[in-house]
Amino acid sequence: MMNKHEEQQEQERVTFVSQLLANKIKKTKQEVENAKAETQQVQKNYETNTSVNYLEADDRIETKAELQQQRSLVNKVVEDENIMKRQLDTYQELHHSPYFGRIDIQDEGFSDTDKLYIGTASLIDQDGEFLIHDWRAPISSVYYNGTLGKVSYQTPNGQQNTKLLKKRQFQIKDGKIINLFDTNETVGDELLQKELSSKSPEAMKNIVATIQREQNDIIRDTKSDLLVVQGVAGSGKTSALLQRIAFLLYHSRNDLNAEQILLFSPNLLFSNYIKEVLPSLGEHNMRQVTLAKFFSQRMEGMQVQTLFNRFENQELNTGIHEFKGSQKFINNIDDYLQNLKPQDIIFTDIHFQGETYFSKDEIQKIYGGLNQNLPLADKLLKTKNTLIKQLKQRIKAEINSKWVADRLDSLSDEQYHALLGDQDIDDFTDFDAEHDYIATQLVKQNLKIVYDAIYNDSFWDVYTQYQKFLEKVSLSADIAQSEWKADVKQFQDKLEYHQIRLDDAAPILYLRDKFTGENKNNAIKYLFIDEVQDYSIAEIMYLKLIFRNAKFNLIGDSEQAIFKDVESAPTLLNKLNNAISVRHPRLIYLNRSYRSTYPITTFASSILPDGINIEAFNRAGNKPILYQANSEMQMKQQLKDLIKQELKDHQTVAIITKNQAEAKTVYRTIRSDFETLLVTDSARSINQKVVVLPVYLAKGLEFDSVIGWDISKQNYPDQHSLGVLYTIMTRAMHNLSLLSNGPVTPLIPKSAFNNKLVEVK
Ligand SMILES: Nc1ncnc2c1ncn2[C@@H]1O[C@H](COP(=O)(O)OP(=O)(O)OP(=O)(O)O)[C@@H](O)[C@H]1O
């Protein structure tokens, strides 16, 4: 036990640091004010200057240079102001809770010990001494990883050794220590217990003070170019992912910024839920996108089916669905393209003002005339270049035509200037040169449609090409020809309405971008996919094709597959490793579950084949209760009673259903008794105590109390529903109840609920 004197000393230090921070805050606030005033002044100057009429040719050159100078001044003061504001945010965050850990270390051969305090950001006093070390600094890893004794940690200069003499944990609130203790554990369970038993917050919290050893491995990995995390429900995958981003931004701060990190998240609700984590760590948010949004952006003019839509409609042929999502299917596309003869390429005419400008035969000839051993993308590029060359020649010929002369005569001053663009009149040697330039611009403007068609590859019909591929591909044994034909027909029918089924989206895009070599994104350096079990291998292969400079971080739980059958983790990982060949793959398992109480975690795990491997964090709570009703009416009444009861003890009660239709039924049942939010696909926040939502929108979220709706045998008849049921159960932090109309699903083993089955009377 720590003695009173030591506690007092620690409190004095906290008070000292708080006071220092208070001063810094005061000073920085003033600096922000000054910076603001300066920005306003500079901006005002800039606006006055830009409003002068700079069409006057004489003034132009001078004005231009001046403007450029002014603009960079504006940018600079804005940037200064932002830096100051960020600094202020950091101080304020630290002022609230300056640090959460202390380590005492002693380097080999030295007799004195260093006391290091660890917090969300570093703080230095006027002598350059660290009052607080950033949790991401190399030495801080000792706090998360080490037990007392000899320890080592990675630095940019290699591994360092030291001796860890003491590890102390703090809970500090508004300058007061509420808790402190010494520990030899990685990060003591005591603090974690406290963190986990609190009520579910509206937004996700950062876990910086209590990061666990395996989580720390994920966060601090800098070597892998494919990092796969398989973690059971509630094991902190999403938390670790976000801390990892914060770590990477710190670790590579000179050559990585938040804009170069992209996170694929399951839905908008989730995006919103995690939005506050990085700012609370003093970092900018990464970019976020959902798969649906990403696809629709890449297939303009097409309506791409969403995951939710596919799940709701359940119209899938499993064999075909699996085939189209497989690595084999993508490899087939590669083979198809490799062996594609020029005459098999679906070129289309380019039109201009209702007439054929370049015919598909001409284009075919250009393509066919190329050395066919060139890479695909080169062949297309050369074809495009030839087309553009021909277009330019026609533009030249067009300059002296009558329609151009007529149009030039009727140009207003303004139009003339517009055509002139950035060009300076003084640069022309004579009037003819100027005339030719303007005429060329005019023709170009008119022929821009043709230019765009070439540039955008609209002379190639990717959809029909894909259809041809479908007609040719050799099927796997479990798919009947007739079924496949029907599927191809469906593809064609949907296309008429500009609709693309989700299963076809990634393969089409893959075919397109492989053929053209275009649409690559070289800027993204780190790609994260959360809930990766919901992605097909084909989709991931497409992402790999596009984001070729990105290190891939795939995070998920094979047991929570709600859109397909549950796959064992090794199977899934094996598939991923084969599909994305990289140099340094790494796989990390997280088997300990933190979200739910011990009874809930063990109950939920009992329905999984490998559930025994899931380690429940030891936090007490009630056993889940199963209510079996004899009619829908009885079940509804029981639901209302339950909600009333749960609201007494909990902040949020979520009723989770299998699909949207059930969610609506529940909503209608309870809305007159409770203020209720029915969560839909477009929802962005949950701001009600009682919420109803289908399982796929509950992905990644957590609630104090969860009620699973109608988990009857009829609703969850077999293994296909395993992932759905497991996901529902594991959303609960403190309490879980399940309702069933009639006999309970066979997925829950009798032994799991023997003494907790309540017959509804
Ligand atoms: N080291 C930790 N310290 C404190 N809390 C933690 C820690 N790890 C996880 N948690 C908490 O456990 C809960 C689950 O974490 P998270 O949502 O990151 O898990 P997940 O693996 O992504 O879950 P799922 O796959 O079930 O959606 C959160 O409330 C999180 O704050």
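A: Let's start with the words helix and strand: both are DSSP runs numbered from the N terminus, a helix being a run of H or I with at least four residues and a strand a run of E with at least two. Counted this way, the protein chain has 29 helices and 26 strands. Please keep in mind that this is a predicted model, in which local features need pLDDT of at least 70 and side-chain atom pairs count only at pLDDT 80 or more, while totals for chains, interfaces and linings use all residues. Residue numbers start from 1 along each chain, as its sequence is written.

Now let's follow some of the pairs. Strand 24 (residues 703-708) and strand 25 (residues 732-741) share five bridges in the parallel sense, and Ile707 is placed opposite Ser737 of strand 25. A contact needs two residues whose C-beta atoms, placed from the backbone, lie within 7 Å.

Strand 23 is mostly covered, as five of its five residues are buried. Buried means that 20 or more other C-beta atoms lie within 10 Å of a residue's own, exposed means 12 or fewer, and partly exposed is in between, with C-beta atoms placed from the backbone. Val690, Val692 and Pro694 point one way, whereas Val691 and Leu693 point the other way. In a regular strand the side chains alternate between the two faces of the sheet.

In helix 19 (residues 462-472), the buried residues are Gln465, Tyr466 and Phe469. They cover an arc of only 100° around the axis, which puts them on the same side of helix 19; the arc is that of the directions from the helix axis to the C-beta atoms. These buried residues pack against helix 12 (327-338) and helix 21 (502-516). Helix 13 (residues 360-368) has Ile363, Ile366 and Tyr367 buried. Down the axis of helix 13 they fall within an arc of 95°, so they line one face of the helix. Their cover includes strand 13 (355-358) and helix 14 (376-399).

For contrast, find Asn339 in the loop between helix 12 and strand 12 (350-352). Asn339 is exposed, with 9 other C-beta atoms within 10 Å.

Antiparallel pairing can be seen elsewhere. Strand 1 (residues 101-106) runs antiparallel to strand 6 (residues 158-173) over six bridges, and Arg102 has Arg168 as its partner there. Strand 1 also pairs with strand 2 (residues 114-119) in the antiparallel sense, over five bridges, where Ile105 partners Asp114.

Finally, let's step back to the whole chain. It is divided into domain 1 (1-96), domain 2 (98-200), domain 3 (208-312 + 522-593), domain 4 (347-456) and domain 5 (598-760), with bounds from an automatic or database domain assignment. The centres of domain 2 and domain 5, taken over C-alpha atoms, are separated by 40 Å. Their contact takes five residues from domain 2 and eight residues from domain 5. Of the 761 residues of the protein chain, 35% count as buried, and the C-alpha trace spans about 95 × 75 × 60 Å along its principal axes.

How values were computed:
Two strands pair if DSSP finds at least two bridges between them.
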